Every structure is written in structure tokens, then in C-alpha cells.
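Please look through the structure shown below before reading on. The paragraphs after it go through its parts in turn.

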Amino acid sequence: MAPRLSEAPLVHETAEVESSVLGRYTEIAERCRVSEAVLGDYSYIMQDCAVWCADIGKFSNIAASARINA
């Protein structure tokens with residue numbers, strides 16, 4: 001059974017997250033790279049994304065393979 005979202009952020013084992021703040025009920029999917037970013041509550045980032053120096057608000061959904069501040 002797949003893990004369920006909870007107040008603690010769900011970060012896939014293949015994702016890299018550094019110097020970032022993740023809100024409640026958030027998810028970082030496979031092979032994502034997130035650095036120096038803020039991800040608001042109830043937001044998620046799908047597979048193969050790269051995020052650097054971004055402030056992503058609440059209830060945001062980032063599509064797979066997106067690059068933010070490349």
C-alpha cells in the first residue's frame with residue numbers, strides 16, 4: 001500500500017531536498033531536486049522537477065518535469 005500524506009512532508013527516497021521548508025500535507029515525488037525553496041501546505045511537486053529559490057504557495061500542484069528558476 002502506498003504511503004498516505006500526513007502533517008509531516010512526504011519526500012520520495014529518490015528526491016533531493018536541501019535548505020528548504022516544506023509545509024503540512026506536502027509531497028515531493030520521484031527524482032525531484034528542491035533547493036532553497038518554500039512549499040506551502042497541501043502542495044505537491046510531481047516527478048523529475050527542479051526547483052531553486054522559489055516560494056510556492058498553498059494548494060499548488062507542480063506538473064512533472066517542470067523547472068522553476070532553472
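How many aromatic pairs does the structure hold? The structure holds two, where rings of Phe, Tyr and Trp (its six-membered ring) pair if their centres lie within 6.5 Å, and planes under 30 degrees apart count as stacked, over 60 as edge-to-face and the rest as tilted. The rings of tyrosine 25 and tyrosine 42 have centres 5.2 Å apart and planes at 5°, so this pair is stacked. Tyrosine 25 sits in the loop between β3 and β4, and tyrosine 42 in the loop between β6 and β7, so the pair ties together parts that are 17 residues apart in sequence. The second pair, tyrosine 42 with phenylalanine 59, is also stacked, at 5.1 Å centre to centre and 5° between the planes. Phenylalanine 59 belongs to the loop between β9 and β10 (61–62), and tyrosine 42 to the loop between β6 and β7, so here too the parts tied together are 17 residues apart in sequence. Tyr25, Tyr42 and Phe59 form one aromatic cluster.

The model is a predicted one, in which local features need pLDDT of at least 70 and side-chain atom pairs count only at pLDDT 80 or more, while totals for chains, interfaces and linings use all residues. Residues are numbered from 1 along each chain as its sequence is written, and side-chain values use heavy atoms, with hydrogens and water left out.

Tyrosine 25 is partly exposed at 28% relative accessibility, and tyrosine 42 is partly exposed at 36%. Phenylalanine 59 has a relative accessible area of 58% and is exposed.

The strands come next. Helices (H or I, at least four residues) and strands (E, at least two) are DSSP runs, numbered from the N terminus. An open sheet of three strands runs in the order β3-β6-β9, with parallel pairing; two strands pair if DSSP finds at least two bridges between them. Its edge strands, β3 (21–22) and β9 (55–56), each pair on one side only. Strand β6 (residues 38–39) pairs with β3 in the parallel sense over two bridges. Leucine 39 in β6 stands opposite leucine 22. Strands of a sheet pair through backbone hydrogen bonds, either parallel or antiparallel.

Side chains of opposite charge can pair when their charged atoms come close. A salt bridge is a side-chain nitrogen of Lys or Arg within 4 Å of a carboxyl oxygen of Asp or Glu, and a search of the whole structure finds two. In one, the closest N and O atoms of aspartate 41 and arginine 24 are 3.4 Å apart. Aspartate 41 lies in the loop between β6 and β7 (44–45) and arginine 24 in the loop between β3 and β4 (27–28), so the pair joins parts that are 17 residues apart in sequence. Aspartate 41 is buried, with a relative accessible area of 13%, whereas arginine 24 is partly exposed at 36%.

The other salt bridge is between aspartate 48 and arginine 31, with the closest N and O atoms 2.6 Å apart. Aspartate 48 is in the loop between β7 and β8 (50–52) and arginine 31 in the loop between β4 and β5 (33–35), so this pair also ties together parts that are 17 residues apart in sequence. Aspartate 48 is partly exposed, with a relative accessible area of 35%, and arginine 31 counts as partly exposed at 46%.

Two residues have a backbone angle to note. Most residues other than glycine have a negative phi, and most peptide bonds are trans. Glutamate 36 has a positive phi, near 50°, and lies in the loop between β5 and β6. At 45% relative accessibility, glutamate 36 is partly exposed. Serine 65, which is not a glycine either, has a positive phi of about 65° and is placed in the loop between β10 and β11.

Technical notes:
Buried means under 20% relative accessible area, exposed over 50%, partly exposed in between (1.4 Å probe, protein chains only).
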